[in-house]
Amino acid sequence: MALQTFNFAADSSSGAPSGEYVAASVAQQLEQSLSKLTWTVLYGKSFDASGIAVAAEQLLASLRAPKNG
């Protein structure tokens with residue numbers, strides 16, 4: 001299942017390109033998770049990185065899950 005996206009046409013007044021976008025809150029969660037995973041892989045211990053990778057997968061699954069209500 002893919003992440004929920006929003007399609008926008010190009011906006012000539014702001015210069016924003018057309019395309020599919022995710023909500024800012026989703027992008028922020030993904031950025032934080034990937035940043036933590038990257039830093040742990042590069043500078044941490046392998047067992048820490050494994051746990052953070054699982055947490056990142058769980059976050060992605062929760063963002064992909066359909067919302068009830």
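Select Val22 to begin: leaving out residues up to four places away in sequence, Val22 touches Leu3, Gln4, Thr5 and Ala27, where contact means heavy atoms within 4.5 Å. This is a predicted model, in which local features need pLDDT of at least 70 and side-chain atom pairs count only at pLDDT 80 or more, while totals for chains, interfaces and linings use all residues. Residues are numbered from 1 along each chain as its sequence is written, and side-chain values use heavy atoms, with hydrogens and water left out.

Stay with Val22 for a moment. Val22 belongs to the loop between β2 and α1; helices (H or I, at least four residues) and strands (E, at least two) are DSSP runs, numbered from the N terminus. Because its relative accessible area is 32%, Val22 is partly exposed; buried means under 20%, exposed over 50%, and partly exposed lies in between, with a 1.4 Å probe and protein chains only.

**The segment before β1**

Select Gln4 next, one of the residues that Val22 touches. Gln4 is placed in the segment before β1. Is Gln4 buried or exposed? Gln4 is exposed, since its relative accessible area is 54%. Its contacts, leaving aside neighbours within four places in sequence, are Tyr21 and Val22. A C-alpha to C-alpha line from Gln4 to Ala23 covers 8.1 Å, and these two residues are 19 apart in sequence.

**The loop between the strands**

Move to Ala9, which lies in the loop between β1 (6–8) and β2 (19–21). With 64% relative accessibility, Ala9 counts as exposed. Draw a line from Ala9 to Leu34: the C-alpha atoms are 28 Å apart, for a separation of 25 residues in sequence.

**Along helix α1**

Helix α1 covers residues 24–43.

- Ala27 and Ala10 are 17 residues apart in sequence, and their C-alpha atoms are 20 Å apart.
- Ser33: this residue also lies in helix α1, and it counts as buried because its relative accessibility is 16%. Not counting residues up to four places away in sequence, Ser33 touches Ala56 and Leu59.
- Thr40: helix α1 holds this residue too. Which residues is Thr40 in contact with, leaving aside neighbours within four places in sequence? They are Lys45, Asp48, Ala49 and Ile52. The relative accessible area of Thr40 is 13%, so Thr40 is buried.

**The whole chain**

The chain has two helices and two strands, and from the N terminus on its elements run β-β-α-α. Along its principal axes, the C-alpha trace spans about 50 × 30 × 15 Å. The radius of gyration of the protein chain is 16 Å, whereas a compact globule of 69 residues would have a value near 11 Å. This radius is taken over C-alpha atoms, and the globule rule is 2.2 Å times the number of residues to the power 0.38.

How much of the chain is buried? Buried residues make up 13% of the 69 residues. The chain exposes about 5,500 Å², of which carbon and sulfur atoms supply 58%; accessible areas come from the Shrake-Rupley method with a 1.4 Å probe, and for residues only the protein chains shown count as cover. Among contacts between residues at least 6 apart in sequence, 33% join residues at least 24 apart.

The protein chain has 4 positive and 5 negative side chains, and the centres of the two sets lie 11 Å apart. Lys and Arg count as positive and Asp and Glu as negative, while His and the chain ends are not counted. The place of a charge is taken as NZ of Lys, CZ of Arg, CG of Asp or CD of Glu.
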